[in-house]
Amino acid sequence: MATQYENTSLLKAEQSKTKPPKLYKVLLFNDEFTTMDFVIEVLQTFFLMNRERAIQLMLKVHHEGLAICGIYTKDIAETKVEQVSAFAKQHGHPLRCELEET
């Protein structure tokens, strides 16, 4: 029995027409009431920083008024802001956390 093969052509990979998602900076702002230790805890808990990196960033917030904690897609950045804000409120701190488009 003879086998017939059809002329097959490989599909060319279509070029992606979707753009990468926009990225957002998550910012922490200095205030006169939130303790440095609490800011360090926030950075370690929600941004998975080691203690040394958390201290460096906390000092940046303290001296410069704000610092970027991370850059994420919008959904993740919004979640981080909500988590940090809720945690700060729960512990009686006015720590301000916001997102900003890059």
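At 53% relative accessibility, K22 counts as exposed, where exposed means over 50% relative accessible area, buried means under 20%, and partly exposed lies in between (1.4 Å probe, protein chains only). K22 forms a salt bridge with E101, and the closest N and O atoms of the pair are 3.7 Å apart. A salt bridge is defined here as a side-chain nitrogen of Lys or Arg within 4 Å of a carboxyl oxygen of Asp or Glu. The pair links distant parts of the chain, with K22 in the segment before β1 and E101 in strand β3 (residues 96–101), 79 residues apart. E101 is partly exposed, with a relative accessibility of 42%. The structure is a predicted model, in which local features need pLDDT of at least 70 and side-chain atom pairs count only at pLDDT 80 or more, while totals for chains, interfaces and linings use all residues. Residues are numbered from 1 along each chain as its sequence is written, and side-chain values use heavy atoms, with hydrogens and water left out.

The structure holds four salt bridges. Another of them joins E98 to R96, with the closest N and O atoms 2.8 Å apart. Both residues are partly exposed: E98 has a relative accessibility of 33%, and R96 has a relative accessible area of 42%. K60 and E64 are separated by about one helical turn, because they are four residues apart in α2. K60 is partly exposed at 36%, whereas E64 is exposed at 55% relative accessibility.

The secondary structure comprises three helices and three strands. Helices (H or I, at least four residues) and strands (E, at least two) are DSSP runs, numbered from the N terminus. Along the sequence, the elements follow the pattern β-α-α-β-α-β.

Helix α2 (residues 51–64) has 14 residues and reaches 20 Å from its first C-alpha to its last, close to the 20 Å expected at 1.5 Å a residue. The expected span is 1.5 Å times one less than the number of residues in the helix. Within α2, the residues A54, L57, M58 and V61 are buried. These residues lie on the same side of α2, because they cover an arc of only 105° around the axis. The arc is taken over the directions from the helix axis to the C-beta atoms. The cover over the buried residues of α2 includes β1, α1 (36–46) and β2 (66–73). The face turned away from the buried side carries the exposed residues E52, H63 and E64.

Of the 102 residues in the protein, 32% are buried. A contact means heavy atoms within 4.5 Å. Among contacts between residues at least 6 apart in sequence, 73% join residues at least 24 apart.

The accessible surface of the protein comes to about 8,000 Å², and 52% of that surface belongs to carbon and sulfur atoms. Accessible areas come from the Shrake-Rupley method with a 1.4 Å probe, and for residues only the protein chains shown count as cover. A nonpolar patch on the surface is formed by L23, I68 and I71, with about 250 Å² of accessible area together. Patches are made of residues with over 30% relative accessible area and no salt bridge; like charges are joined within 9 Å, and nonpolar side chains (Val, Leu, Ile, Met, Phe, Trp, Tyr) within 5 Å. L23 is found in strand β1 (residues 23–29) and is partly exposed, with a relative accessible area of 38%.
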